[in-house]
Amino acid sequence: MDVKRKVGTLLVAGATVAGLAIVSISSTAGASSVNWSKVTHLTARGPTSMKALVAAAKKEGKLNVIALPRNWANYGQILDGFAKKYHIKINSANPEGSSGQEVTALQVDKGRSTAPDVIDVGTNYAITAQSDGLLTPYKVSTWKEIPASLKQSGGYWFDDYGGFVAIGCNSAAVTCPTSFADLAAKATKGTKYTIGLNNSPTTAAAALAGVIAAAVANGGSLDNVAPGVTYFANLNKAGTFFPGTASAATVENNSTNIVIWWDYLQASNLSNVLGSWKVIIPTDAAVGEFYTQAIAKAAPDPAAARLWEEYLYSTTGQNLWLKGEARPVELAYMQAHGTANKAWVAKLPGVPNGVTLQYPTVTQLTNAATYVDANWAAMVGAG
Amino acid sequence: MDNETTDVTDPGASAPGSVTSSPVAKPWQKRLRRGVGPTLAMTPFFVYVFLGLGIPTIALINLAFRNHQGKLTTSNIHLVTHGVFLTGFENSIRLALISSIIPGVLGVFLAYAVHTSRSNIGRRLITTASGVLANFGGINLAFIFISALGAQGLLTVWLNAIHVNPYSHGFSIYTYYGVATVYLYFQLPLMMLVITPALAGLRPSWREAAANMGASSWRYWRHVGVPVLMPSVLGGMLLLFGSAFAAYATAAALTGGIIALTPIQIGNFLNGNVIAGQENVGYALGLGMLVILAVTMILYGLVRRRASRWLQ
Amino acid sequence: MASIAGDFALEQVLERPDEPPTRRFRRPRFRTWRLVVMLLAGAYFLLPLYAGLKFALQNDAGHFSFFAVKAIPSAQGFTAAFTLSMKIALVTVVLAMLLMVPTTIYVHLRLPRVRRAVEFITILPLVIPPIILITGVLASYPGWIKSSPYLLSFLYVILAMPFVYRSLDAGLGAIDLKTLVEASRSLGGSWVQTLRRVIMPNLRAALLSAMVLTLALVLGEYTMASLDIWETVPVWIVNFEQSDAHITVAASMFGLIGTWVLLTLIVSLDRSQSRRSRRKAGTA
């Protein structure tokens, strides 16, 4: 009896010591006790370090992204690069989706294991999503390299890449213009020009930016988009405006020989189907916009989501966007510190000398959108 | 049979809730029992329709009256009944009318031509083609039409070669009538699907009998053909109206917003990249569409009744 | 009173015996008129198809080539989209038959007064725009239902309801249902036996027509599938458009033609089978 009790006590003691040891070991490893959906930034060491993040993300094993076309700013290589480096499977839903659909998916898919972990949207959508309580704050390790005007101070959203409105042209079919004014002068009634936007400015950010750029070039400004609408109305009257969606298909079957679109999208969608396709930034307007990243509050894979953001804002990720001929948000810092890939920087469509770079604010965009929404059909269209 | 024969002499068959178990079932008890069977049998159907049609419609109406934060408001309704949205409704109705009356009439002629052909295989092929084409639309339809009739399209180029330029005469598939021309592609097959069986109901014997009595073709159609076909033709046009009114992807791909059309506007609010946080305006637009369609169905009912009276 | 939409054409094609049209339709003036109508219609429908096929059978340099067609089966996401579409189509057809066949039979047998109401309800899906329906659904249904692609099947049954109901209604109207059922029951058959061995064989053409139209609908429906964020074949075709136009136009063209061939085969098979069985039974 005594022996049994002694053995019993020893066993209990041993188990307690072992248990404590296991607990302390696992707490230093940190993997199971950190709630990654509450982590707002990484620490150099400890349970919220980069090493811990990678381990946790691998444990989650997957990442849900949405509305990332493979040929949009080189997302194809970025997705592959991430998956290969960390052996995490990426589920890419609805690649041609819109910013609106991304935010809707955040609301509507809450609780689904296929709900988006991260979003890449127009800035005004990120702002709405934040005020709807759909986002969670997170500051990447390179937070300081992002210009202050291109991020939300609390970390709820942060810009990722952007570009300028460019005029693309099939040089084999028509003479290429150098500016909006030049284009209007050339594309008169009876000429072979067919000018297209990628989708309607009432629904697509790139097209709206195209109208804003036309406004800037024609006596308007970021606050006055009316001359832009008039510009396209005149083109339509001259019969040189293509009201459908200009794309690789319409370029290939020659329905459009001029396309006004983001410079980086022209590079990845149009220049590769037609050797004679030239992309220039107009000399009378350089209007640019950045897209915005954010992490979902209800992300099913919070660690993978944060690892993804770290990857995007690392030199590797930013350079891959640069390879897609987009301008990554940390480009200025990278150029100053020599970490930007010089060859890819050289390939960016040049901004003409003497043109002011203009970046519409969210307010200016919303006002322009409201005006265009109310007037586009009446002024440009038949009805 | 089961619910018809209630055993009224069975003391166990007293109605639920009755205190005194009377041997004879009262009339309302009989009616209740007779009603239970059919109600049960139709329940799956009504439940399904309620879940699939009723609930979404109720949700839509509810959201049309709320703002982004969920508070009740009529500002959405006020917004969509003015300005470019009102224009959108007008354009959509007009486009739907053009795209239902013209294909409606043309569909009858085409269906008649097909129906009276001798080739069985031909008829079969055309009927299955109608089924497939009635569901073909959207961006692919727009693309093949742009390839054929766009400014650089195949047909346009051919016509230019013989010095006929439709575009210089104001034609364009990016206008109203151009879009209606494209809509014909799925509206016509839909009408054919609807009207062919009605044509089959026109027995050839009637035609022979009319001819034997000395009636001309015109009189046959006026007194026999048209009255028999009229309900189906009107019904078909109603379906075509709804189909054209609701068409979204095709119109979006062709016009991209230069013609204000309600489905496209709804798409901009719900699926766009430009204005965030205003989905409720989209829902209000949807409510407007439902109202218009309800009015159309009522008008259809009235016209049907008037037409059948006129044709007596 | 004649019903709103009449019956559906396919079922008539299946049922109609191969009688020759009367002599009137062979008159030269009528034949000319008919020829003109068919030519115009043919030109209208075939020209865009030709333009589409031409583009589909070209490579990026503009020369005739099968590269786009060959690339379809291996194109990214196509097999997944095709499998998904087939699964959804199967579930839709099964659900539609399970729901509508007993309901329509019951309405015909027992509740002729309810017919008008049911008819009206089955017209509603054709006048309620799919975009409205799907936005209402997304706004009101719980999350766990929305995670399944078979939500689309559930909704497609509603969209197909007008076609399915009309087909079955016409088929049931053409046979003397009450007599058949009474005969079968008085000979001692149970309800199940009556359904299986008496009613269904007589409905075969109507059932086939309903299934074929449902299939065509599911394989062509884009709006609801894309807003519910499931990549069925029509959605895949649009998504892929941005990457290589030739391949997606090829997919769209051959999808169209493929569906058409499939439906025609199904219809033809049934006709030859029914002709054979009629001959066997000695009633040809």
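**View 1. Contacts along chain A of this predicted model.** Take the contacts in chain A whose partners sit at least 6 apart in sequence: 71% of them join residues at least 24 apart. Here, two residues are in contact if their C-beta atoms, placed from the backbone, lie within 7 Å. Chain A has 383 residues, and 51% of them count as buried. Buried means that 20 or more other C-beta atoms lie within 10 Å of the residue's own. Along the principal axes, the C-alpha atoms of chain A fill a box of roughly 110 × 45 × 35 Å.

A quick note on the model: it is predicted, with local features needing pLDDT of at least 70 and side-chain atom pairs counting only at pLDDT 80 or more, while totals for chains, interfaces and linings use all residues. Residues are numbered from 1 along each chain as its sequence is written, and chains are lettered from A and ligands numbered from 1 in the order in which they are written.

**View 2. Where chain B meets chain C.** Here 75 residues of chain B are in contact with 72 residues of chain C. On the chain B side, helix H1 (residues 27-64) of chain B gives the largest share, 15 residues. That side of chain B splits into 49 nonpolar, 21 polar and five charged residues. For these classes, Ala, Val, Leu, Ile, Met, Phe, Trp, Tyr, Cys and Pro are nonpolar, Asp, Glu, Lys and Arg are charged, and the others, Gly among them, are polar.

**View 3. Two helices crossing in chain B.** Helix H4 (residues 120-133) of chain B and helix H7 (residues 176-200) of chain B have axes that come within 8 Å and cross at roughly 130 degrees. On the H4(B) side, the contact is made by Ser130(B), Gly131(B) and Leu133(B). H7(B) brings Tyr185(B), Phe186(B), Pro189(B), Met192(B) and Leu193(B). Sorted by class, that's six nonpolar, two polar and no charged residues.

**View 4. Where chain C touches chain A.** This contact takes 13 residues from chain C and 20 residues from chain A. On the chain C side, helix H7 (143-146) and helix H13 (233-241) of chain C are the elements that give two or more residues. H13(C) gives the most, with three residues. By class, this side of chain C has five nonpolar, five polar and three charged residues.

Key
Buried ≥ 20, exposed ≤ 12 C-beta atoms within 10 Å, placed from the backbone. Helix = DSSP H or I, 4+ residues; strand = E, 2+ residues; numbered from the N terminus. Axes fitted to C-alpha atoms, helices over the stretch in contact; angles between N-to-C directions.
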